[in-house]
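Here's a quick briefing on a sheet, some ring pairs and a couple of charges over rings. Have the structure open as you read.

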Amino acid sequence: MMSNSVQRHGIIVYAFLAVIISSLIFSCKEDLNSISGESTSISVDIIGITEEIEAGQGLGLGILPRAASKILEAQVPISPNNVINFSDLSDVQATIISEQTGIDDRSSINEFDRNPTMSMLASTQARASTLMTQGRTYRLLLYYKRNGQFAMSVLANAGTTTNIEVVLNEEYLWYAYSYNDTQDIPQPANTQNPSIQTPIERDLLYAAGEFRTVPGNTTLPITFKHELARVTVRVNAEPIYAQIVDLNAIFTDETLRQARFDLRAGTKSGITPIATGPLTFSNVTTGSDAVKIATYYTADPSNLSNVQVRFNALSVRYPNGRVEQLVVSGSPLTHTVGNFTRPRVGMSLNGSVNLLRVISGKRILHVSTDIIFGYSAGDLNRASYRMLYEPRNFGNQTNSIFRMQPFVRTRVSSIAASDRLLVHLRATPRPDIVIIALFYPLNTDEITELANYVRAGGVLILMIDSAPDVAQSNQRRNVLRNIFNTAAIDWTRVNGSGAVYQLPNINDRILNGPFGDIRNLFRGEDANSTTSLTGVPTGNITIYTGGNAINYSNQSNPGITMFKHNTLNLFFVGDGGMLANSSSSGSITDYFAQPFATVPAGGSPYENFPVRKESYGGPGNGRAAGSMPVYNSVLFANLMVWAAERAEYYGINTN
């Protein structure tokens with residue numbers, strides 16, 4: 001028989017065990033309820049991709065400010081070091097343009113080579129986010145916060161709300177990643193400690209966080225950030241109107257680096273250089289071989305202040321079918337893109353090789369009896385002429401904005417039989433470009449000959465407004481009727497002096513050319529009403545401005561006031577004074593007339609460079625007088641690039 005003390009001890013032990021067992025049972029029940037209890041749901045949406053740039057290690061730097069992308073007054077011509085000469089036998093050259101941006105700065109990556117003779121280096125700014133393209137895949141991993149155990153994995157698509165059943169009143173840790181494309185993303189083999197190899201031909205996006213479920217529905221918004229830097233190499237044959245038929249290039253060293261990315265920690269390890277072999281190029285525009293781009297990614301861009309690319313082969317085909325080998329096997333060409341500033345994750349390091357030819361000098365026929373305002377750019381001491389014949393604008397200097405032999409000027413300012421337009425149109429060789437402005441009466445033979453000239457490849461820039469008599473407006477109309485083969489074309493007068501027209505967002509050489517990007521900006525009407533055309537067949541033209549001016553209350557004017565033909569070399573503007581400026585350079589202070597402006601003597605970057613006229617336009621439609629900048633000179637400079645290129649490759653004197 002046990003003693004009382006032993007009995008009491010046993011009772012205490014049993015009681016203690018009972019408490020422990022009861023506690024364990026309650027604890028297990030709590031876990032069971034938490035894991036398999038009442039369910040609820042979460043709704044997952046992709047908000048976008050942040051463009052925040054990862055600060056460099058040890059630099060103490062956050063976000064870099066981004067330079068302005070539209071530079072009109074402060075463009076700096078290229079230095080000789082930016083020019084590639086392929087061989088003594090070829091007249092084709094190339095310029096190297098380097099730019100660093102945020103990966104999602106699409107405006108820059110798609111357009112930074114719009115100016116093949118200018119070099120701009122832009123840094124990057126942070127934006128809240130850019131939208132992720134709908135349909136791109138991402139994978140979401142969920143873990144219980146209380147024990148770190150894997151809960152589930154879901155593959156989903158951006159642009160579609162994903163509803164996931166989860167446990168009510170549970171805290172979760174979540175991790176999401178994407179390659180920013182539409183391909184499948186397999187679930188990691190080790191879900192408890194997941195990691196992936198960083199790709200070199202795909203992007204890598206990542207986000208992480210936590211949430212607690214509540215009755216009803218829990219919203220989970222995801223904003224990704226980039227975990228890699230992008231490196232692009234672009235070859236652009238558009239400036240020489242060619243298609244790329246052979247292209248072989250490599251990075252000269254182990255430019256790219258791979259790493260192991262820990263999905264739960266959000267960190268990289270084991271960073272290793274990797275050789276890419278021949279670069280894989282794709283077409284920027286489907287169906288066109290004019291521009292090709294190779295796109296790669298690197299886990300650590302800190303070594304990429306410069307990137308060396310060796311071209312082993314490069315051949316192009318011209319519109320006439322001729323193929324030219326610019327780089328041949330056995331004679332590779334190596335060049336460096338870069339001077340990148342503190343490259344880091346989240347940046348895109350872009351290099352573009354833009355092919356160009358020093359275009360032969362084009363013969364321009366300037367047609368106008370005016371000698372005061374430079375309406376046709378043919379008057380020697382007027383701003384329009386001096387802008388056009390300035391060798392730093394159009395010339396064969398290393399710092400010329402547009403590389404070509406100088407224009408050759410002929411001026412038709414008389415109606416004498418021996419000097420009429422008709423004589424020059426029938427001369428040998430024929431003029432490459434004809435600019436017709438105000439105050440020149442066309443006879444019937446000249447109207448017919450102008451139409452034939454355009455059909456044969458001549459470049460015609462036709463300008464008219466209300467300043468001359470009705471007869472001259474009818475004569476210009478008849479030229480267009482002949483060209484378009486329709487009597488439906490007619491004209492009317494709209495608005496008045498100082499009218500301001502907004503340019504559209506059309507990405508071509510006229511609105512976004514070597515002298516500036518003027519899309520969505522403005523041009524100004526000179527001192528008269530604008531000529532607006534009706535009845536013009538619109539199927540094969542690009543319309544730049546219609547009949548409505550932003551500073552006139554009447555917003556229902558009919559017609560077209562500026563257009564180009566898409567296959568013929570024809571440009572029309574219903575303002576005969578688009579180039580008006582009675583000075584040799586600079587700008588005339590007048591809100592209602594002379595909208596053409598250039599840099600004055602002693603100005604920056606140099607005299608005769610085309611710039612906006614800061615203050616222009618009459619009052620109206622809620623706008624004050626002089627409150628609108630206009631870009632007539634930039635428009636004309638880009639227009640003459642278009643005209644010279646059309647004359648070179650599709651012109652009346654093209655071989």
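Tyr389 counts as buried, because its relative accessibility is 17% and buried means under 20% relative accessible area, with exposed over 50% and partly exposed in between (1.4 Å probe, protein chains only). Keep in mind that this is a predicted model, where local features need pLDDT of at least 70, side-chain atom pairs count only at pLDDT 80 or more, and totals for chains, interfaces and linings use all residues. Residues are numbered from 1 along each chain as its sequence is written, and side-chain values use heavy atoms, with hydrogens and water left out.

**Around Tyr389**
- Tyr389 and Phe407 make an edge-to-face aromatic pair, 6.2 Å centre to centre with 70 degrees between the planes.
- For ring pairs, the rule takes Phe, Tyr and Trp (its six-membered ring) with centres within 6.5 Å; planes under 30 degrees apart are stacked, over 60 edge-to-face, and the rest tilted.
- Tyr389 is in the loop between helix H3 (383-388) and strand E22 (394-395), and Phe407 is in the loop between strand E23 (402-403) and strand E24 (408-412), so the pair ties together parts 18 residues apart in sequence.
- Helices (H or I, at least four residues) and strands (E, at least two) are DSSP runs, numbered from the N terminus.
- Phe407 has 7% relative accessibility, so Phe407 counts as buried too.
- Ring pairs join both into a cluster with Tyr385, Phe394, Phe402, Phe515, Tyr606 and Phe609.

**Other ring pairs**
- The count of aromatic pairs comes to 23.
- One of them is Tyr241 with Tyr649: the centres are 4.8 Å apart and the planes at 40 degrees, so this pair is tilted.
- That pair links distant parts of the chain, with Tyr241 in the loop between strand E11 (229-236) and strand E12 (243-251), and Tyr649 in helix H7 (residues 632-650), 408 residues away.
- Tyr241 and Tyr649 are both buried.

**Charges over rings**
- Here, NZ of Lys or CZ of Arg has to be within 6 Å of the ring centre and within 35 degrees of the ring normal.
- Arg264 lies over the face of Tyr143, 3.9 Å from the ring centre.
- Arg146 has its charged end over the ring of Tyr144, 5.0 Å from the centre.

**The open sheet**
- Seven strands form an open sheet with mixed pairing, in the order E5-E4-E7-E9-E10-E1-E6; two strands pair if DSSP finds at least two bridges between them.
- Strands E5 (150-157) and E6 (162-167) stand at the edges with a single partner strand each, so one side of each has no neighbour in the sheet.
- Strand E9 (residues 205-212) runs antiparallel to strand E10 (residues 217-226), and two bridges join them.
- Tyr206 has Lys225 in E10 as its bridge partner.
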